[in-house]
Structures are given as structure tokens and as C-alpha cells.
Amino acid sequence: MTWHAVAALADFGGRAVIAREAGGHALALYRVGDALYATQNRCTHQNALLSEGEVVEGYIECPLHYGLFEIATGRAQGAPVCRDLATYPVRVEGEQVLVEIA
Ligand code: FES
């Protein structure tokens, strides 16, 4: 497992989700209140980019067919999405956001 510096806190600007790549993985990086989370960026339904979706109270809504996933756990919330997202540990060092990837 390796920690990758993927973003600065300032990179979020006013956004709740941004796209990043690390260790060959496409990531969606979320800021929900003071908490940070990372999931795979591709929806498990038909591969839409979740970083282009909408964050709604702890959930990410896919921009293509509006499937919902819980951000903290990656859990699919029902049709059209039935497979959970991969999630990754996140930590902050100073202004840097790091994600742990196998
Ligand atoms: Fe995400 Fe269909 S691609 S719900």
C-alpha cells in the first residue's frame, strides 16, 4: 500500500468532488463538510465519471442515469446501480491530500 499526494485542499475550490489519478487508478475525491473521501471515479453501472455528478448530503449521484452511491462506504443505493464503488483511505498532511492505493 502506498500513499499518493493527489491534490491540495485548495484544489476543491467550491466543489464537493474533483477527479484525480494515482497509481493507475481514476479517482473521485470528495469533500463533505470537513471530511475527505475517495472512490473509484467510474460508475459501476456504465462507466460515467462520478466526478461530473452531483454530491447530495453524503451521496454521489451519477450524471448519466442518476444512480446513487454513499460516498463514505461506496455502497450502491439501488437500481440502476447494484455494484458498490471501490473506496480508498484518505488523509491530509498540511495542505496536501493523500490517498492510499494498493
Ligand atoms: Fe452511472 Fe448509469 S452510468 S447510473
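**Pairing of strands 3 and 4.** I started with Arg-31, which stands opposite Leu-36 in strand 4. Strand 3 (residues 25–32) and strand 4 (residues 35–40) pair in the antiparallel sense, over 6 bridges. I count two strands as paired if DSSP finds at least two bridges between them. Strands themselves are DSSP runs of E with at least two residues, helices are runs of H or I with at least four residues, and both are numbered from the N terminus.

**Ground rules.** I am working with a predicted model, where local features need pLDDT of at least 70, side-chain atom pairs count only at pLDDT 80 or more, and totals for chains, interfaces and linings use all residues. My numbering runs from 1 along each chain as its sequence is written.

Which order do the 4 strands of the open sheet take? I read it as 2-3-4-8, with antiparallel pairing. Its edge strands are strand 2 (17–22) and strand 8 (87–88), each pairing on one side only.

**The hairpin.** Next I followed strand 9 (residues 90–93), which pairs with strand 10 in the antiparallel sense over 4 bridges. Here Val-92 stands opposite Val-97 in strand 10. The two strands form a hairpin with 2 residues between them, and Gly-94 in the turn has a positive phi of about 60°.

A residue is buried if 20 or more other C-beta atoms lie within 10 Å of its own, exposed if 12 or fewer, and partly exposed in between, with C-beta atoms placed from the backbone. This core has 23 residues, and among those with the most contacts inside it are Val-6, Leu-27 and Val-90. Strands 1 (2–8), 2, 3, 4 and 10 (96–101) each give two or more residues to it. Strand 3 supplies the largest share, 4 residues.

**Val-90.** Beyond its neighbours within four places in sequence, Val-90 is in contact (C-beta atoms, placed from the backbone, within 7 Å) with Leu-36, Tyr-37, Ala-38, Val-97, Leu-98 and Val-99.

**Whole protein.** I found 0 helices and 10 strands. Buried residues make up 29% of the 102 residues. The C-alpha trace spans about 40 × 30 × 20 Å along its principal axes.

Terms used. A nonpolar core is a set of buried Ala, Val, Leu, Ile, Met, Phe, Trp, Tyr and Cys residues joined through C-beta atoms within 7 Å. Two residues are in contact if their C-beta atoms, placed from the backbone, lie within 7 Å.
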